[in-house]
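Hello,

Here is the structure I promised to pass on to you. My notes on it follow below, starting with the ligand site.

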Amino acid sequence: MTVNEHITVAVVGCGQWGAKVVSAFARMGVLAAVTDADFKQANKIARDYDVPALDWQSVLDDHSIMAVALVTPAKDHANMIDEAIRAGKHVYVEKPLALSASDAEAVADLIARSGKTVLVGHILQYHPAFIALKSLVQKGKLGRVRFIQSTRFGPGRIRQDEDVLWCLAPHDISMILSLTGRQPESVRAHGSYLLRADIADTINCRLMFADNMEAEIAVSWTHPYKQRNLVVTGDEGTLVFDDDQPWDSKLRYFNNTLTWEKGYPNLKEGDSEAIFVEEREPLLQQTKHFVECIRTGRRPITDVQEGLSVVNVLDAAAQAMLDQKGVPTKSMAYKIPMVDLKAQQKRIKASLDKRIADVLHEGRYVWGPEIGQLEQKLASYTGCEHVITCSSGTDALLLALLAIALVPGDAVLVPAFTFVGTAEPIVLLGATPVFVDVDPVTMCISPDLIVKGVEAAKKAGCRPVGIITVDLFGYPADYPRLHSISSAMGLWLIADGAQSFGASVADHRVGTLASMTTTSFFPAKPLGCYGDGGAVFTSDAELAAKLRSIHQHGKGESRYDHVRRGVNSRLDTLQAAILLDKLDIFPEELEQRQQIAARYACFLKGVVQTPHPPPPESKIHHAWATYTIRLENRDALQQHLKSLGIQSTIHYPKPVHQLAPYQDCPTIEGGCPIAEQATSEVLSLPFHPYLDEDTQWQISNAVRQFVVDQSTQ
Ligand SMILES: *Cc1c(COP(=O)(O)O)cnc(C)c1O
């Protein structure tokens, strides 16, 4: 004791670890005072060790106190070191030296000029097992060191100011730098935020050194038990420092050797031996070293330069964590796609190939004879007198609105729950869509709300002229009621049948249910081509003539005679040829759609809200364009299905009046809450005429599993 007689240390911070530091300095006979922001705690410790409890300023002012030991939050380190050095004290500071490289550099500069002793508490450097390990490495026991792995896990106190890397990894970095004797060339790091969004609690960090040497650090507060080990692997064996083992096996050597057999490396398990290390308390070794350095003026092993190099690595890791850009893994094709066009193609391949070859041979890519043939066939299938094919379902609506001479100032009532293509042509013509809420069962425009739609149009200063209905998901709108309401109110009725080709009401097919009906031949629709296409259906000869003219630049009697403003919107001959083949098998496919929908209803009954089939007395025949279920957490279900390779689609994530370009358009008074809720809950499952029962069962089971898991959580 006598050698330490004139050395005096005040311990600042008397928490859990601080109390241990107090005990260590007290045992050396150098404890002079304690301080803590919590006076009760400071007084208790002071009484236990018979030293005064002072406040920080008094410690600084007291010239009899030579050194301070800072066991305070890391965010205060830089400031307190600064104050202590300026007050002429030596400093012992717990790791990390500071919470940023710039703070650490500033104090390092001040310390260098002061000539005072500063020790950073990288305690494992004073651990007899690490000292023995380092000595063995330096003596060449492992040959050339190739890889260091350091793990520090434990259910820890979650810090408020620093993440788990700054809290735990200073130990690992300090040991690694001490073994390699150099800074890494670069650092990579990845953090996980399992407990708090702002502070990473689990971090993996990789230090890349020159000569292909690498070190890996894994730290976590979320591990269920303590795990602290350092594995140093060299060409000639491995040393493991496992601090969770008793003293006789804290340090072990593994003599696994690499052999080459027939050109392939093989790691042969060899002997392992425990290496004796003398049991010594690392903290006491550290405090002793500090006092020794003050007495002799020697530089501490873990001096401020060492502390600074550790902070530099921490800083680089923090930066690397922010810069992290995940590399997306190659996305896998869905095992179960929404629509399987290949199954259908297989069925019609031979005749399809021939038809396509014929078009190529004829070379009449525009206005080929297949166009007329298709229009004929579509007319006879639907029972509609005139069919005008065009470039898309959206264009079909544009043609219909041009034929009806929609002008600015006009308002058209449309359902809020539809694809944007229903409203788009209205605004393109300068007119105003008025969004009307849907029927809660059919999801089609509610006939009860047409009056409200007309009121909203007038309130917006527009002239209500018509209604565009949508047969959402293939369910025909309530045409009988819509007809009587619209004719009573002097409104025209156009049907957007993009999803309902093939559906019917009382044996009247879609195409004949409104003065004009439009449809889409987009590949995923009930009748789809291999690109874009659409058609307008009407039994009004005058409208039909106008439509024909409009879709050919307002063509008159002869070529280059243009009698009205029009557009260019025609179906390609190739697409018409493809549709001719598909139309041949369409009635059968429509029948299969009914069966597959019925099977889903059976598999998913009581699991999720399934779509309502039309009641038999309604004489409505659904086209089942999609099979769209509803549930509250559909995004999570979609993820779950995706993880199982099952595709699903949200038709549609927002009602049209909530899409940015339509937010200024009027809605009926009270808005469209039914559409809004539906769009937050819908999810369409894989659906096509070739979906077999096993696959459907697999999909339904995946949905069921998700719902059960959710309800038991
Ligand atoms: C698909 C669709 C459209 C647009 O059809 P395109 O051929 O893609 O232009 C319009 N309205 C509804 C309801 C649709 O589902």
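A polar contact here is a pair of N or O atoms within 3.5 Å; within protein, one of the two must be able to donate a hydrogen and the other to accept it, and residues adjacent in sequence count only if both atoms are side-chain atoms. Before the details, please note that this is a predicted model: local features need pLDDT of at least 70, side-chain atom pairs count only at pLDDT 80 or more, and totals for chains, interfaces and linings use all residues. Residues are numbered from 1 along each chain as its sequence is written, and side-chain values use heavy atoms, with hydrogens and water left out.

**The ligand site**

Of the 14 residues around the ligand, Gly393, Thr394, Asp496, Ser520 and Lys525 come nearest (a residue is near a molecule or strand if one of its heavy atoms lies within 4 Å of it). Glycine 393 uses a backbone N or O atom, 2.7 Å from an oxygen atom of the ligand. In threonine 394, a side-chain N or O atom lies 2.5 Å from an oxygen atom of the ligand. Aspartate 496 has a side-chain N or O atom 2.7 Å from a nitrogen atom of the ligand. On its own the ligand has 380 Å² of accessible area, and the protein covers 92% of that (Shrake-Rupley method with a 1.4 Å probe; for residues, only the protein chains shown count as cover).

By class, the shell around the ligand holds four nonpolar, eight polar and two charged residues. Here Ala, Val, Leu, Ile, Met, Phe, Trp, Tyr, Cys and Pro count as nonpolar, Asp, Glu, Lys and Arg as charged, and the others, Gly among them, as polar.

**Strands**

Strands (E, at least two residues) and helices (H or I, at least four) are DSSP runs numbered from the N terminus, and two strands pair if DSSP finds at least two bridges between them. Three strands form an open antiparallel sheet in the order S22-S21-S25. Its edge strands, S22 (508–509) and S25 (620–621), each pair on one side only. Two bridges link S21 (residues 504–505) with S22 in the antiparallel sense, and valine 505 has histidine 508 as its bridge partner in S22.

Elsewhere, S13 (residues 257–261) and S14 (residues 264–268) run antiparallel, joined by five bridges. Glutamate 261 is bridged to tyrosine 264 in S14. These two strands make a hairpin with two residues between them, and lysine 262 in the turn has a positive phi of about 50°.

**Backbone details to look at**

- The peptide bond from lysine 95 to proline 96 is cis, with omega near -15°; proline 96 lies in the loop between S4 (90–94) and H5 (101–114).
- Histidine 651 and tyrosine 652 are joined by a cis peptide bond with omega about 5°; tyrosine 652 is in the loop between H18 (634–643) and H19 (673–681).
- Aspartate 211 is not a glycine, yet has a positive phi of about 60°; this residue lies in the loop between S8 (202–208) and S9 (214–220).

Best wishes
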